[in-house]
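Dear colleague,

Please find the structure below, handed over for your records.

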Amino acid sequence: MAALTRLFKPQFSSLLFHRSLSTLSQTNSSPPHTDDPNDGGSRSFQWVFLGSPGVGKGTYASRLSTLLGVPHIATGDLVRQELPLSPQLDEVVNQGKLVSDEIIFNLLSKRLEAGESRGESGFILDGFPRTIRQAVTEIDLVVNLKLREDVLIEKCLGRRICSECGKGFNVAAIDAKAENGLPGMSMPPLLPPQQCASKLITRADDTEPVVRERLRVYKEKSEPVEDYYRKQGKLIEFDLPGGIPESWPKLLEFLI
Ligand SMILES: [Zn+2]
């Protein structure tokens, strides 16, 4: 991990640095200064978080966006916000079909333009680009979050929802041994309070075959997207060492 950090840090800094310079040269509002690469004028952060379903990327993206003072834009949220305005889109989603690349791209473009006019200093995208056809927006850095697949599956299978209050919990007590070069990992369950304990239900699509299929589809679609950004030197990979309390400080240390 430390080696990985050393390997990626210079690239990361130079990315931020180049972004800062290009922003400055575009706006030409102040002379470039090199002492602080984080202080680069408008749209300093144009980042993407990638990761399998269940990896927790929404949580990490949301925490980081708060820290950096940039919006966390999840394409799933953009689609949900649009549903009341578009009966056609509502129909697509209700039938469980995939929302087209074109619709996602239009919704995102609209959101980014609105943000730019409000003076937002960047964004962290979550859930975009999902396919190679969507990977056309200007991005500085792509953070690919990874978690041991057996742990990821166990975590997905441990998900429970309270049928009364709708809160989510996780009953999986993960204790994965180190093997085949993979690090050992333990995560405590997130157990419900007493009033919810007897009302827990499992989502119909959290069965092992469905979870495995979801991961397979994700991998198949995301690999070309990862390659696309890897070739541009913009992809960094981070192996999550465990659950959120353990991983969050390490992710921060890795990024900043
Ligand atoms: Zn409850």
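Axes here are lines fitted to C-alpha atoms, for helices over the stretch in contact, and angles run from 0 to 180 degrees between N-to-C directions. Helices (H or I, at least four residues) and strands (E, at least two) are DSSP runs, numbered from the N terminus. Please note that this is a predicted model, in which local features need pLDDT of at least 70 and side-chain atom pairs count only at pLDDT 80 or more, while totals for chains, interfaces and linings use all residues. Residues are numbered from 1 along each chain as its sequence is written.

The axes of helix 3 (residues 75–82) and helix 5 cross at roughly 95 degrees and come within 10 Å. Angles of 65 to 115 degrees count as roughly perpendicular (under 35 is roughly parallel, over 145 roughly antiparallel, and the rest oblique), and helix 3 and helix 5 are therefore roughly perpendicular to each other. Two residues are in contact if their C-beta atoms, placed from the backbone, lie within 7 Å. On the helix 3 side, Thr75, Leu78, Val79 and Glu82 meet Ile104, Leu107, Leu108 and Arg111 of helix 5.

The protein has 9 helices and 10 strands. Of its 256 residues, 24% are buried (20 or more other C-beta atoms within 10 Å of the residue's own; exposed means 12 or fewer, and partly exposed lies in between, with C-beta atoms placed from the backbone). Among contacts with a separation of 6 or more, 67% are between residues 24 or more positions apart.

A nonpolar core is a set of buried Ala, Val, Leu, Ile, Met, Phe, Trp, Tyr and Cys residues joined through C-beta atoms within 7 Å. The largest one has 32 residues, of which Trp47, Val48, Phe49, Ile124, Leu125, Val142 and Val143 touch the most other members. Strand 1 (45–51) gives the largest share of this core, 5 residues. Leaving aside residues up to four places away in sequence, Ile124 touches Trp47, Phe49, Ala61, Leu64, Ser65, Val70, His72 and Ile73.

Phe128 and Pro129 are joined by a cis peptide bond, with omega about -5 degrees; Pro129 is placed in the loop between strand 3 (122–126) and strand 4 (141–146). Asn180, in the loop between strand 7 (174–176) and strand 8 (185–187), is a residue other than glycine with a positive phi, near 45 degrees. Asn180 counts as exposed because it has 4 C-beta neighbours inside 10 Å.

With kind regards
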